[in-house]
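Hi,

Here is the structure I promised to pass on. My notes on what turned up follow below it.

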Amino acid sequence: MLTAEDKKLVQQVWGKVAGCGEEVGAETLLRMFYAYPQTKTYFPHFDLSPGSDQIRGHGKKVVAALGNAIKNLDNLSQALSELSNLHAYNLRVDPVNFKAGGGRGWGMGTGMGLLSQCLQVVLAVHLGKDYTPEVHSAVDKFMSAVAAVLAEKYR
Amino acid sequence: MVHWSAEEKQLIASVWGKVNVEECGAEALARLLIVYPWTQRFFSNFGNLSSPTAIIGNPKVRAHGKKVLTSFGEAVKNLDNIKGTYSKLSELHCDKLHVDPENFRLLGDILVIVLASHFGRDFTPACQFAWQKLVGVVAHALARKYH
């Protein structure tokens with residue numbers, strides 16, 4: 001459960017990367033495609049090379065959606081309702097990719113979804129020491145909450 | 001046997017060469033206990049774990065974190081036989097310590113994040129790939145002797 005302090009920390013950290021949101025989005029996706037190649041199967045129609053306009057565009061979308069969620073932390077279900085429908089009925093991305101419990105294969109991290117792990121790596125790269133354990137914890141909880149909402153309607 | 005490309009081996013070694021095992025180990029274990037507080041169940045004799053500050057400053061956490069990451073170094077030195085390297089530790093974690101292998105995966109992901117925060121852009125996507133693979137292989141090896 002996101003505490004008031006968690007919400008504050010998530011908002012603060014997002015504020016810090018707001019200026020380079022597009023870069024954060026693109027890098028998160030790039031790292032995800034590199035570290036977890038199975039995620040590329042959802043983008044056969046994309047040019048997935050570094051610098052690709054499609055990756056930048058899609059990264060920007062993802063970051064904007066997360067930003068919107070962060071503005072509505074008290075009502076994530078509603079804020080993400082449309083995306084929840086989209087993921088359940090159109091995209092049908094296997095929740096392992098974004099939900100806590102993500103990533104088998106090399107017995108990969110299941111504490112975080114694959115996207116969440118890569119986003120957190122990018123935040124850690126950008127923020128260094130400022131990605132404190134408290135911030136890390138808050139972001140992890142936030143991404144778990146987002147993932148839960150996105151997977152809500154799958155069945 | 002796990003196959004490691006020359007590039008993966010090089011990336012793993014070059015990152016490891018710059019790691020302060022004591023600092024990174026302490027930090028990784030502290031973060032595990034902070035981000036996934038249920039993992040504190042294994043450390044009831046560690047004293048004060050009541051807050052992130054307490055956990056980070058706890059000398060037993062630091063010492064144990066160093067121990068764990070030092071052991072991780074064995075994997076780095078023996079990439080071609082991680083299974084064998086962790087055979088006894090796997091038995092220990094099952095029979096004596098009773099640790100759910102899920103915890104190895106949690107710690108592995110946290111270690112990757114700690115490395116990212118320390119090395120910044122030098123922790124490239126290729127580095128992350130190699131290290132995600134390594135932590136996964138280590139977790140798998142530690143779980144292997146469970147019964």
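This is a predicted model. First, the interface. Chain A and chain B bury about 2600 Å² between them. Of that area, 59% is on carbon and sulfur atoms. In terms of contacts, 31 residues of chain A touch 30 residues of chain B.

Next, the polar side of the interface. There are two salt bridges between chain A and chain B. One of them joins the side chains of E27(A) and R121(B), at 3.8 Å from N to O. Between the chains there are also 10 residue pairs in polar contact, with both residues at pLDDT 80 or more.

Which helices of chain A supply at least two residues each to the side that touches chain B? They are α2 (21-35), α6 (114-127) and α7 (133-151). α6(A) gives the most, with seven residues. By type, the residues on this side of chain A divide into 13 nonpolar, 11 polar and seven charged.

Now a helix in chain B. α7(B) covers residues 102-119, 18 residues in total. At 1.5 Å a residue, α7(B) should span 26 Å.

Is α7(B) largely enclosed or largely open? Buried here means under 20% relative accessible area. On that cut-off, 16 of the 18 residues of α7(B) are buried, so the helix is largely enclosed by the rest of the structure. Just after α7(B), G120(B) takes a positive phi of about 55°.

Best regards

Key. Residues numbered from 1 in each chain as written. Chains lettered and ligands numbered in written order. Predicted model: local features only at pLDDT ≥ 70, side-chain atom pairs only at ≥ 80, totals over all residues. Heavy atoms only, no water. Contact = heavy atoms within 4.5 Å. Buried area = accessible area lost by both parts, 1.4 Å probe. Salt bridge = Lys/Arg side-chain N within 4 Å of Asp/Glu carboxyl O. Polar contact = N/O pair within 3.5 Å; in protein donor to acceptor, adjacent residues only side chain to side chain. Helix = DSSP H or I, 4+ residues; strand = E, 2+ residues; numbered from the N terminus. Nonpolar A, V, L, I, M, F, W, Y, C, P; charged D, E, K, R; others polar. Expected span 1.5 Å × (residues − 1). Buried < 20%, exposed > 50% of the residue type's maximum accessible area, 1.4 Å probe, protein only.
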